[in-house]
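Welcome, and thanks for taking a look at this one with us. Here is a short briefing to read alongside the structure.

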Amino acid sequence: MTVTLADVAARARVSPATVSRVLNGNYPVAASTRERVLRAVDDLDYVLNGPASSLAAATSDLVGILVNDIADPFFGIMAGAAQTQIGGPGDGSGRAGGEKLAVICNTGGSPERELTYLTLLQRQRAAAVVLTGGAVEDPAHQAAMSAKLTKLADAGTRIVFCGRPPLPEGDALVAALAFDNRGGGRRLAEHLISLGHRRIGYVAGPPERTTTRHRLEGHREALRAAGLDAAPGEAHGGPGSDGQDRLTVHGPYDRRSGYEATLELLRRAPDVTAIVAANDTVALGACAAVRDQGMRIPQDISVAGFDDLPFSVDAVPALTTVRLPLFEAGARAGRLAMGKENPPPGGIATIAAELMIRGSTAAPRG
């Protein structure tokens, strides 16, 4: 049943006029009253009617693109590519030609902020929402996301995931474009093993993220296949208990984390001959830490990244990494959001990752 302004007013114990004033922001309202009204709006999941209020199922010309950090090239490339399909140029006349207004929503990696933006987009009757990057693996958050996305979809909003796997309850999605992070992590580790590396450190991302888990799982699959799942002299055990735990340090997906985590890895295991970083930005920090310790890349220690961000080929030496087709995936997500392309079979597509071998990896000496 549709929640009305009168329902919100009754819940907040104020008049409908007061609710209208709070939502429109066109008249002073006491802070306590405003808070009570906004709480009632959230509790009832009230959707504020916008320009299309006369049509119950109408959507606006707004498309939301959710990113963790727009300053991170990983997200910026996907968001920019999606926008080319969502708000691209028309016929040059300045008139609208079916384009939508793409709005970038920067969550800062906060699950709460992610839900807040979805609520705001719901109230604006967004035509589509594109969610980029890995998801938080928390059952409560996943349930809240499923509920919110279902309400958006029921109202006519097209939901597309780009670079993240579908939720356990993913019926609301038009499509989920998931990167093969696990396969990429496995192939990168296999490359290092083929060069002769046996002590490989890993600077991982935040442990609660799907991207982190999948890349680390692929890495450890390759180690286990080569009989390297435990460090020399340590007992072999199951996931989470083997010797590779000593060779893994988690942290944010940023350069500082790469630097500090690499110093920690070198302290724990000074005999490591290679370091795999969670992404290329983290790898830059790892390279800086290695050099500050007086070591050379790759002569003394190899370093590898993930994503193949634009700067990776310009690093010195050029960074061995795993290429994800970020622009292509973002553009495809934009087309799916606009209904310009048919969804993949079953609504899910796995996008292949490609190993890019460059100068930052070499056979260990000695």
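**A strand residue and a helix pair**

Setting aside neighbours within four places in sequence, Val322 touches Gly184, Leu188, Gly305, Phe306, Asp307, Asp308, Ala353, Glu354 and Leu355. Please keep in mind that this is a predicted model. The points below begin with Val322, then turn to helix H8 and its contact with helix H7.

**Val322**

- Val322 belongs to strand S10, which covers residues 321-323.
- With a relative accessible area of 1%, Val322 is buried, because the cut-off for that label is under 20%.

**H7 against H8**

- Two packed helices are described by the angle between their axes and the distance between the axes.
- For H7 (residues 181-195) and H8 (residues 210-225), the axes come within 7 Å and cross at roughly 35°.
- The crossing of H7 past H8 is right-handed.
- On the H7 side, the contact is made by Asn181, Arg182, Gly185, Arg186, Ala189, Glu190 and Ile193.
- H8 contributes Thr211, Arg213, His214, Arg215, Glu217, Gly218, His219, Glu221, Ala222 and Leu223.
- By type, the residues of this contact divide into seven charged, six polar and four nonpolar.

**H8 on its own terms**

- H8 has 16 residues, so at 1.5 Å a residue it should span 22 Å; its end C-alpha atoms are 23 Å apart, which agrees.
- Which residues of H8 are buried? They are Thr210, Thr211, Thr212, His214, Arg215, Leu216, Gly218, His219, Arg220, Ala222 and Leu223.
- The cover over these buried residues includes H7, helix H4 (73-86), and the strands S6 (200-204), S7 (248-250) and S8 (274-277).
- After H8 comes Gly227, with a positive phi near 75°.

**Thr212, a closer look**

- Thr212 sits in H8, and its relative accessible area of 4% is under 20%, so Thr212 counts as buried.
- A polar atom of the Thr212 side chain lies 2.8 Å from the backbone oxygen of Pro206.
- Beyond its neighbours within four places in sequence, Thr212 is in contact with Ala204, Gly205, Pro206, Pro207, His250 and Tyr253.

Key:
Residues are numbered from 1 along each chain as its sequence is written. This is a predicted model: local features need pLDDT of at least 70, side-chain atom pairs count only at pLDDT 80 or more; totals for chains, interfaces and linings use all residues. Side-chain values use heavy atoms; hydrogens and water are left out. Axes are lines fitted to C-alpha atoms, for helices over the stretch in contact, and angles run from 0 to 180 degrees between N-to-C directions. Helices (H or I, at least four residues) and strands (E, at least two) are DSSP runs, numbered from the N terminus. A crossing is left-handed if the near helix is turned anticlockwise from the far one by less than a right angle, and right-handed if clockwise. Contact means heavy atoms within 4.5 Å. Ala, Val, Leu, Ile, Met, Phe, Trp, Tyr, Cys and Pro count as nonpolar, Asp, Glu, Lys and Arg as charged, and the others, Gly among them, as polar. Buried means under 20% relative accessible area, exposed over 50%, partly exposed in between (1.4 Å probe, protein chains only). A polar contact is a pair of N or O atoms within 3.5 Å; within protein, one must be able to donate a hydrogen and the other to accept it, and residues adjacent in sequence count only if both atoms are side-chain atoms. The expected span of a helix is 1.5 Å times one less than its number of residues.
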